[in-house]
Amino acid sequence: MSYSESSPLLENGHHSDTAKPPFTSRAVSFLKGEGEPSWPQSLKFFIFGTWFNILLVFIPLSFISHYLNWDAGLRFICSFIAILPLAKLLGEATDQMSVKLGDTMSGLLNASFGNAVEIIVGIAALLNGELRIVQTSMLGSILSNILLVLGCSFLAGGLYQSEGLFNDTGAQAYSSIMTLTGIALVIPAAYASTTNAGLPSNNCGVPEAEGGCPSSGLLFISRGTAILLLVVYCAYLYFQLKSHAEYFTPKPEQREETEPRMGTAAAGVALLSVTVIVAFCAEFLVASIEETAVRYHIPKAFIGVVLLPIVGNAAEHVTAVWMAMKNKYELTIAICVGSSIQIACFVVPLLVIVGWIVGQPLTLHFANFETIILFVSVLLVNLLLSDGKSNYMEGLMLLVLYLVIALAFWVA
């Protein structure tokens, strides 16, 4: 190695070549997508990448049918067809973001944008005093994610690959947190059912059909547990994204690279934009479902646990199935199980705290029947994820359990 008079005396004392550019420069570079497909190229691929996007014409029809109050059947069809291309676009944006951000972060963003709608709808129902609708819709979202969507994903993926592989250590971490949340919901139910202090009171004005008036002890347990679950969720995010991120990334032999067709910033804007449109179409779809259900005398519990979560989260559901068909099971599990963890450990506790603030006595006490169903569902998912492998038979088992639960709620 040759030296000159301008060479530094100490190698580690010369930082001019290793200094990071300022934040503004990095931000501008990120937005421009330097080294990535340009914004025009990204939008061209996103909108004109497939003939399937011709169904996007149903988006304005969904809005028109809703605001002109067309027949419930027509409103349902327009909104449902509008969600199909949006679901594919949502999956495409998630897949493109995974090129730069990785499967774990992309799945988390996908689940978070989807659950933002759940939070808004849940708070609106909470402010209107619809406590049972809040509980059943949250329960339904968890069950539809870990049974219906994960089952469909494993079944569809099994038709393309004989066996799907994913990081078993990360899957066990997911399963353990879901088990914790299941136990956290069993304890309030056991307290309310087996102790005199857990018997409901009669001074809050909540009708029996909405869950009745919880005792002061049950409110204390629910609110304390909600705070603890929020702490667990924050720790889980740090564990997943920072301290043990390697547990949630595919092993080298399981990794399937995606061709970059969009810039990361463009994919993020696309994901946010499509999520907003999906929120409106899903709301129109839910409104038409409720009217149709009343017309055909469909039980209210069945609507809250089965119908609303399916149609309300249809876009995220299709995304998870599509990722499994592309052999990207890390993304599928991050969307399905990760979304369920977010609802159970963040959305439900948050709604309990919001209810506490606004004077609505929302608790973590679900009906005994619902608590048992949630616990056995988590148990089955825990068993199936433990080996880090999936196949169509495991998907079929998850679907069968979901159908059994749907039958039970139809006559509940």
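**Contacts, cores and polar pairs in a predicted helical chain**

Apart from neighbours within four places in sequence, Lys88 is in contact (heavy atoms within 4.5 Å) with Thr50, Phe52 and Trp322. Lys88 belongs to helix 4, residues 72-101, where helices (H or I, at least four residues) and strands (E, at least two) are DSSP runs numbered from the N terminus. With a relative accessibility of 26%, Lys88 is classed as partly exposed; buried denotes under 20% relative accessible area, exposed over 50%, and partly exposed the range in between, for a 1.4 Å probe and protein chains only. The C-alpha atoms of Lys88 and Thr50 are 9.9 Å apart, at a sequence separation of 38 residues.

The model is predicted, and local features were taken only at pLDDT of at least 70 and side-chain atom pairs only at pLDDT 80 or more, whereas totals for chains, interfaces and linings use all residues. Residues are numbered from 1 along each chain as its sequence is written, and side-chain values rest on heavy atoms, without hydrogens and water.

The protein chain contains 14 helices and 2 strands. Of its 412 residues, 49% are buried. Among contacts with a separation of 6 or more, 84% are between residues 24 or more positions apart. Helix 7 (residues 168-194) comprises 27 residues and spans 38 Å from first to last C-alpha, close to the 39 Å expected at 1.5 Å a residue; the expected span is 1.5 Å times one less than the number of residues. The N-terminal end of helix 7 is capped by Asn167, with a side-chain oxygen 3.1 Å from the backbone nitrogen of Thr169.

The largest nonpolar core holds 72 residues, and those with the most contacts inside it are Leu143, Leu150, Val337, Ile341 and Leu385. Helix 12 contributes the most to this core, with 16 residues. A nonpolar core is here a set of buried Ala, Val, Leu, Ile, Met, Phe, Trp, Tyr and Cys residues joined through side-chain atoms within 4.5 Å. Beyond its neighbours within four places in sequence, Val337 touches Leu150, Tyr174, Met178 and Leu385, all by the contact criterion. A second, separate core has 21 residues, including Ile59, Ala82, Leu89 and Leu285.

The salt bridge joins Arg132 to Glu370, with the closest N and O atoms 2.5 Å apart. Because Arg132 lies in helix 6 (residues 131-160) and Glu370 in helix 13 (residues 368-385), the pair ties together parts 238 residues apart in sequence. Arg132 and Glu370 are both buried.

Thr363 is located in the loop between helix 12 (329-358) and helix 13. Its relative accessibility of 8% places Thr363 in the buried class. A polar atom of the Thr363 side chain lies 3.1 Å from the backbone nitrogen of His365. Neighbours within four places in sequence aside, Thr363 is in contact with Gln135, Pro214, Leu218, Leu219, Ser222 and Val352.

The count of disulfides, taken as pairs of cysteine sulfur atoms within 2.5 Å, is 0. Cys336 takes part in no disulfide, and the nearest cysteine sulfur, belonging to Cys152, is 9.2 Å away. Cys336 is buried at 0% relative accessibility. Cys281 is likewise buried, with a relative accessible area of 0%.

Conventions. A salt bridge is a side-chain nitrogen of Lys or Arg within 4 Å of a carboxyl oxygen of Asp or Glu. A polar contact is a pair of N or O atoms within 3.5 Å; within protein, one must be able to donate a hydrogen and the other to accept it, and residues adjacent in sequence count only if both atoms are side-chain atoms.
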